[in-house]
Amino acid sequence: MAAVLLLHAWIAATAEKVRFTLVPREGVEARLRKYSGDNGQREATLKQLFAEAGCNGHHISEQVVKGSKLPNVMCLLPGSSDKVIIVGAHFDRVSAGDGVVDNWSGASLLPSLYQAVKIEPRKHTYIFIGFTDEEKGLVGSRFYVRQMTKEQVAATDAMVNMDTLGLAPSEVWATHSDKRLIGALASIAKQLNVPLTGVNVDQIGSSDAESFAERKVPRITVHSLTQETWNAAILHTSKDKFSAIRLDDYYETYRLLAAYIAYLDQVADFPAEPMAH
Ligand SMILES: [Zn+2]
């Protein structure tokens, strides 16, 4: 299913086509159902899902992470420039519950997002990363960011982080996301007629995008926590099960993110921030 989204670019006032393809709902849900096992099993499953999605050979790699028993898993989609968009989600879980919401909901979406953008040549190189040991203190993402060279940091236009999807429609952690990245996401959400609101989760904890903020890489975190879903105490408890996911909302979040990361290829080459008047 290929989709072409016609929209007015958020910076330039010209209509641009955003081309992406969507993995059908059954496919996205089948990947979500593969949450079982410990972190080691999930790392292996993620690698396999990437391979099934067509990311294999030298495009898939593992990064040994100091302080973690497991590596980060990375899938590379080369673009025509040296500019980079990183799309990430942690695959590890805590011992309570099944860790479906937090965060197989994010990790298992990575291969489907890879498929969404690989249908045509892109300017940006995309790096899809499953991070290890987020729950132990952002171990995988911190390691990843700290080994980036100055040049790599400068070349990275966006880091899109997904953590805890499918409890509700898409939410953005507004106080911890780049304003321009939020603007681009809001614009796509409007075009797709998909709900998007800002819900800040500062009191709840952190997520992998914050590692990137340390080196000033523009970042955005998409989640699905609301007051209601937070009150339901699903995260890090026995309630974190497949049945907690609202599958309609989850697929809508996938559609939104697929269009978004395709769109970012066109607009994420940010000019310097305009001067305030
Ligand atoms: Zn998480």
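Visitor: Which residues of H5 are buried in this predicted model?
Guide: The model is predicted. The cover over the buried residues of H5 includes strand S3 (60-63), strand S4 (72-77), S5, strand S6 (125-131) and H8. The buried residues of H5 are Val139, Gly140, Ser141, Tyr144 and Val145.

Visitor: Why does Tyr144 count as buried?
Guide: Buried means under 20% relative accessible area. Tyr144 falls under that cut-off, so it counts as buried, with a relative accessible area of 7%.

Visitor: How many aromatic pairs does a search of the whole structure find?
Guide: A pair of aromatic rings is described by the distance of the centres and the angle of the planes. Ring pairs link Tyr114, Tyr126 and Phe128 into a cluster. For the whole structure, the search gives 7 aromatic pairs.

Visitor: Are the rings of Tyr126 and Phe128 stacked or tilted?
Guide: Tyr126 and Phe128 are both buried. Their ring centres are 6.0 Å apart. Planes under 30 degrees apart count as stacked. The planes here are at 10 degrees, so the pair is stacked.

Visitor: What are the rings of Tyr144 and Phe212, stacked or tilted?
Guide: The ring centres of Tyr144 and Phe212 lie 6.1 Å apart. Stacked needs planes under 30 degrees apart, and edge-to-face needs over 60. The planes are at 35 degrees, so the pair is tilted.

Visitor: How many residues apart are Tyr144 and Phe212?
Guide: Tyr144 sits in helix H5 (residues 139-147). Phe212 sits in helix H8 (residues 209-213). Phe212 is buried, at 0% relative accessibility. The pair links distant parts of the chain, 68 residues apart.

Visitor: Which residues supply the protein donors of the zinc ion?
Guide: The donor atoms lie 2.1 to 2.6 Å from the zinc ion. In sequence the spacing is H-x11-D-x60-D.

Visitor: Is the arrangement around the zinc ion tetrahedral or irregular?
Guide: Tetrahedral would need all angles between 85 and 135 degrees. The 4 donor atoms subtend angles of 53 to 145 degrees, which makes the arrangement irregular.

Visitor: How many residues apart in sequence are the parts tied together by Asp102 and Asp163?
Guide: Asp102 lies in helix H3 (residues 100-107). Asp163 lies in the loop between S7 and S8. Both are buried. The pair ties together parts that are 61 residues apart.

Visitor: How many of the residues of H3 are buried?
Guide: The cover over the buried residues of H3 includes helix H1 (25-32), helix H2 (39-52), strand S5 (84-90), helix H4 (110-117), S7 and H10. Trp104 is one of the buried residues of H3. H3 is largely enclosed by the rest of the structure, because the buried count is 8 of the 8.

Visitor: What separates the C-alpha atoms of Thr164 and Trp104?
Guide: Thr164 is in the loop between strand S7 (156-162) and strand S8 (170-172). Thr164 touches, among others, Val101, Asp102, Asn103 and Ser105. Thr164 and Trp104 are 60 residues apart along the chain. Their C-alpha atoms are separated by 7.9 Å.

Visitor: With which side chain does the side chain of Thr164 make a polar contact, and what is the distance?
Guide: Thr164 is buried, with a relative accessible area of 3%. Its side chain makes a polar contact at 3.1 Å. The partner is the side chain of Asp163.

Visitor: Is Glu210 buried or exposed?
Guide: Glu210 is in helix H8. Glu210 touches residues including Leu138, Trp173, His176 and Arg219. Its relative accessibility is 13%, so Glu210 counts as buried.

Conventions:
Residues are numbered from 1 along each chain as its sequence is written. This is a predicted model: local features need pLDDT of at least 70, side-chain atom pairs count only at pLDDT 80 or more; totals for chains, interfaces and linings use all residues. Side-chain values use heavy atoms; hydrogens and water are left out. Helices (H or I, at least four residues) and strands (E, at least two) are DSSP runs, numbered from the N terminus. Buried means under 20% relative accessible area, exposed over 50%, partly exposed in between (1.4 Å probe, protein chains only). Contact means heavy atoms within 4.5 Å. A polar contact is a pair of N or O atoms within 3.5 Å; within protein, one must be able to donate a hydrogen and the other to accept it, and residues adjacent in sequence count only if both atoms are side-chain atoms. Rings of Phe, Tyr and Trp (its six-membered ring) pair if their centres lie within 6.5 Å; planes under 30 degrees apart count as stacked, over 60 as edge-to-face and the rest as tilted. Donors are N, O and S atoms within 2.8 Å of the metal (3.2 Å for Na, K and Ca); water is not among the atoms, so sites may look incomplete. Four donors count as tetrahedral if all angles lie between 85 and 135 degrees; four count as square planar and six as octahedral if opposite donors are over 155 degrees apart and all others between 65 and 115; anything else is irregular. Lists of a residue's contacts leave out its neighbours within four places in sequence.
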